[in-house]
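Follow it with the structure open.

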Number of protein chains: 2
Amino acid sequence: MRTRLRIDLAYAGGGYSGWGIQPRLKTVQNELEQALATTLRIDRSLVRTVVAGRTDAGVHALGQVCHVDLPEGVELTSAGLANLGKKVQGALRQEPITINRISLAPEGFDARFSPLWRTYQYRIADSQAVNNPLHRAFTVQSTYPFDFPAMVELGHQLVGLHDWAAFCRPRVGATTIRELQSYEWVRDHDGVMVATIASDAFCHSMVRALVGAAVAVGRGKLTIAQVLAIREAKQRTSDFVIMPPHGLALVRVAYPEDSELAERAALTRNKRAADPD
Amino acid sequence: MRTRLRIDLAYAGGGYSGWGIQPRLKTVQNELEQALATTLRIDRSLVRTVVAGRTDAGVHALGQVCHVDLPEGVELTSAGLANLGKKVQGALRQEPITINRISLAPEGFDARFSPLWRTYQYRIADSQAVNNPLHRAFTVQSTYPFDFPAMVELGHQLVGLHDWAAFCRPRVGATTIRELQSYEWVRDHDGVMVATIASDAFCHSMVRALVGAAVAVGRGKLTIAQVLAIREAKQRTSDFVIMPPHGLALVRVAYPEDSELAERAALTRNKRAADPD
């Protein structure tokens, strides 16, 4: 039986070409896997992480989760496990990556397939918000006025089990049916408009398209009814934009009780093997 | 009578060698004055801003205030004044500087000499805090545990009218007597330790030395009594450090009612003409 580790981490996405490894590009996955290989003194090629939310280039994560299986024959003492997070953090000290915790994964845990839901946040500072220059790396600036109540209402009307093809970059063999569990807009203490969006899973570009639709409604370019009609048409549209990545952060991945991890993973794996997350 | 403008602004200090103009270095003052000269179409050499808080290299400001006098003969229409903030912001669009407001300064207003007090904040994320990689540009990271109640108590014991020579970089002819009006430590919703420090004015490096003293107490290297004794000795010390600039931000400058601006400015000018701020 190989040892599976659960890694809880956070990162500023600005300097990375996203989570997933790509040739000749700097990615979070590659930095993390190199740090793990160095710290555990195992060959780089034997370290393969599996992530809950494959974030795109420039997207941040505050509550990301991944797992990694130790190569056969490699064991960790409990003291080794207790120190591992600090050591991996040390190997990553030049990177804007925070290791929040490394723990033994419970039986049946799969970072990608076990989650019940994923939650993202998107931040837009409009003309009514404090424009904080310290927050520019993770907040979209806009000088336009927005119809904020209409954006709040759109969020409420969009939730539910639907085909989100109009909001997704198509991927062969992947379903675009998802249950959007919540979509709330609030203004924070600085007046920044913050969307919190949760779903069992998201198809590619879906969160940023959902925010783009709200921006179109907030600026009076689309009505709520038109957005709902676009969703029903199940075709990609140019009526709203995919919002830029730097306003987006994966904030939480929720897993079921340990006893239900394996069952949940099997269920999800059957539903959408070809999907991103 | 020349027209005096009050400018309320914010900036991320990381890319600047501080507020004040220095030859061959990038400074906030120089960027702002160039943007004003371009927008107002007046010669660069005729634009001279006077600031409330001369921030050091790397220090941020969220509530900075400065004033500028228009050259003789230059007038602004009320429409021109209403649009000026947006235009200057446009000229600064490549810079992490936010123009919050440009307004006509009331009679007697002096950005440097009229303030009643200035407030700074300092942020330290210790092992009990959320280590948010998006906040690293303005939060000092520390893996040590801190005796936080002792830091809170030190802050309370330090307030009052004292000679702060032990906390100041010496400057010829400048007094180091200041009234420290408040020094509060709280943990924010992420558990980050945030110091809020207010004084009528600060001598050079004083805020970062006050935080350094609290860190020494929090880590058990100095007692509160020892810090008080160091202050009484009125000599620079190596018993605590000047904290790094990126954790610090000028958050507010408070001015009196318009009717008291000139009187306050005259009072302050007499007290400390040779001082920084």
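**Copies, domains and a helix pair**

A: Begin with how the copies meet: 100% of the interface residues of chain B are also interface residues in chain A, so the copies meet through the same surface. Note that this is a predicted model.

Q: Into which domains is chain A divided?

A: Domain 1 of chain A covers 4-114, and domain 2 covers 117-252. Their centres, taken over C-alpha atoms, are separated by 28 Å.

Q: How many residues of domain 1 of chain A are in contact with domain 2 of chain A?

A: There are 15, and they are in contact with 10 residues of domain 2 of chain A. On the domain 1 side, six are nonpolar, eight polar and one charged.

Q: At what angle do helix 1 and helix 2 of chain B pack?

A: Helix 1 (residues 28-40) and helix 2 (residues 78-91) of chain B pack at about 120 degrees, with axes 9 Å apart. The two helices of chain B are therefore oblique to each other. Helix 1 of chain B passes helix 2 of chain B in a right-handed crossing.

Q: Which residues meet there, in helix 1 and helix 2 of chain B?

A: From helix 1 of chain B come B:A35, B:L36, B:T38 and B:T39; from helix 2 of chain B come B:L84, B:K87, B:V88 and B:A91. By class, this contact has five nonpolar, two polar and one charged residues.

Technical notes
Residues are numbered from 1 along each chain as its sequence is written. Chains are lettered from A and ligands numbered from 1 in the order in which they are written. This is a predicted model: local features need pLDDT of at least 70, side-chain atom pairs count only at pLDDT 80 or more; totals for chains, interfaces and linings use all residues. Axes are lines fitted to C-alpha atoms, for helices over the stretch in contact, and angles run from 0 to 180 degrees between N-to-C directions. Helices (H or I, at least four residues) and strands (E, at least two) are DSSP runs, numbered from the N terminus. Angles under 35 degrees count as roughly parallel, over 145 as roughly antiparallel, 65 to 115 as roughly perpendicular and the rest as oblique. A crossing is left-handed if the near helix is turned anticlockwise from the far one by less than a right angle, and right-handed if clockwise. Two residues are in contact if their C-beta atoms, placed from the backbone, lie within 7 Å. Ala, Val, Leu, Ile, Met, Phe, Trp, Tyr, Cys and Pro count as nonpolar, Asp, Glu, Lys and Arg as charged, and the others, Gly among them, as polar. Domain bounds come from an automatic or database domain assignment.
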